[in-house]
Amino acid sequence: MDPKIAKADEKIQKIISEKRRKSVEDKRVGSEIFDKQTLETLYKLANQGYMDVLNGAISTGKEANVLKGLKYKNGKEKFIAVKIYRIATSDFKKMQYYIQGDPRFNIKSNNKRQLINNWVNKEFRNLTRGFDAEVSVPKPIVALNNVLLLEFIGDDEGNPAQTVRNQKPEDVDDFLDKLLFETKKFIHDANLIHGDLSTFNILNKDENPVIIDVSQSVVRDHPIANELLVRDIKNIFNEFKKLGASTSIKEIKEKLDLGNDLDID
Ligand code: ADP
Ligand code: MN
């Protein structure tokens, strides 16, 4: 684990385990990674019973840290994924670009924190749509400010599932088939375009795909939806081709049930 995160994590662990003695002093505990508001948000989620301990980092991305959380339930440990957007390094230009034009978000302010909160809320809502449409996505739990709690994808020991990028499917064609089936539901049933579909954002859970990272996903009538869809299809084609799949753009389009109204060269 990144020593910086380990340190921050240690602090948060302590804070959360001492949640009953929550005091003004607690709130002053700083962190190199997490600002005061993030720590307060984590307190709140702990106090509301969503989690009991933060237990190590899963990933340190450009904009977000994903940590493993623990919730004790009937004497048993349950893992959850805790995705924390960092205020300092978030790409506000990108967020604005995707949020503008989405009829679900009527953003009037230019406030960065507000924008991040909307962004996290958008990821939560997109996940919910996917989950309700029975797409293979992690089950969303709750979103608060810049923190999103979601189902942990991994084994019972708490080892997270790897991305397809890191763990090549045993049967690439079969895996791609399953992925396209899930993506078809995402498009037609959840009515969403992923927008960043790649082997980085697909987990290999016991040879079954789980689609993650849906913060930038847009509704199908969003002005940039088609552009994103074309890019997603090209990405998947290129990446799976490299992994050895025998497929074509035409076949992918067919399996996604997209008809002929989408032009891809
Ligand atoms: P970003 O790419 O913006 O940093 P992601 O949502 O793609 O954020 O998550 C980053 C990494 O964290 C993923 O590649 C994956 O390894 C891990 N991860 C994300 N969500 C989960 C989850 N629900 N269960 C297990 N691991 C996860
Ligand atoms: Mn990602």
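The chain contains eight helices and ten strands, where helices (H or I, at least four residues) and strands (E, at least two) are DSSP runs numbered from the N terminus. This is a predicted model, in which local features need pLDDT of at least 70 and side-chain atom pairs count only at pLDDT 80 or more, whereas totals for chains, interfaces and linings use all residues. Residues are numbered from 1 along each chain as its sequence is written, chains are lettered from A and ligands numbered from 1 in the order in which they are written, and side-chain values use heavy atoms, with hydrogens and water left out.

**Chain as a whole**

- Of the 265 residues in the chain, 51% are buried, a class defined as under 20% relative accessible area, with exposed meaning over 50% and partly exposed in between (1.4 Å probe, protein chains only).
- Among contacts with a separation of 6 or more, 62% are between residues 24 or more positions apart, a contact meaning heavy atoms within 4.5 Å.

**The five-stranded sheet**

- Five strands form an open sheet in the order β1-β2-β3-β5-β4, with antiparallel pairing; two strands pair if DSSP finds at least two bridges between them.
- Its edge strands, each pairing on one side only, are β1 (53-60) and β4 (140-144), and the twist from one strand to the next averages 25 degrees, with axes being lines fitted to C-alpha atoms (for helices over the stretch in contact) and angles running from 0 to 180 degrees between N-to-C directions.
- Strand β2 (residues 64-73) pairs with β3 in the antiparallel sense over ten bridges, and K71 has K78 in β3 as its bridge partner.
- The hairpin of β2 and β3 has two residues between the strands, and in this hairpin N74 takes a positive phi near 45 degrees.
- Strand β3 also runs antiparallel to β5, to which five bridges join it, and V82 stands opposite L149 in β5.
- Because seven of its ten residues are buried, β3 is largely enclosed by the rest of the structure.
- Strands β4 and β5 (residues 147-151) run antiparallel and are joined by four bridges, with P140 opposite L150 in β5.

**Helices**

- Helix α3 (residues 36-47) lies across β1, β3 (76-85), β4 and β5, and runs at about 40 degrees to β5.
- Helix α5 (residues 112-132) packs on the sheet, where it touches β3, β4 and β5, and its direction makes about 165 degrees with that of β4.
- Helix α6 (residues 172-188) holds T183, which counts as buried at 9% relative accessibility and which touches L197, I211 and L256 when residues up to four places away in sequence are not counted.

**The manganese ion**

- N201 (OD1) and D213 (OD) coordinate the manganese ion (ligand 2) at 2.1 to 2.2 Å; donors are N, O and S atoms within 2.8 Å of the metal (3.2 Å for Na, K and Ca), and sites may look incomplete because water is not among the atoms.
- Since N201 lies in the loop between β7 (192-193) and β8 (202-205), and D213 in the loop between β9 (208-211) and β10 (218-219), the pair ties together parts that are twelve residues apart in sequence.
- N201 is buried, with a relative accessible area of 7%, whereas D213 is partly exposed at 21% relative accessibility.
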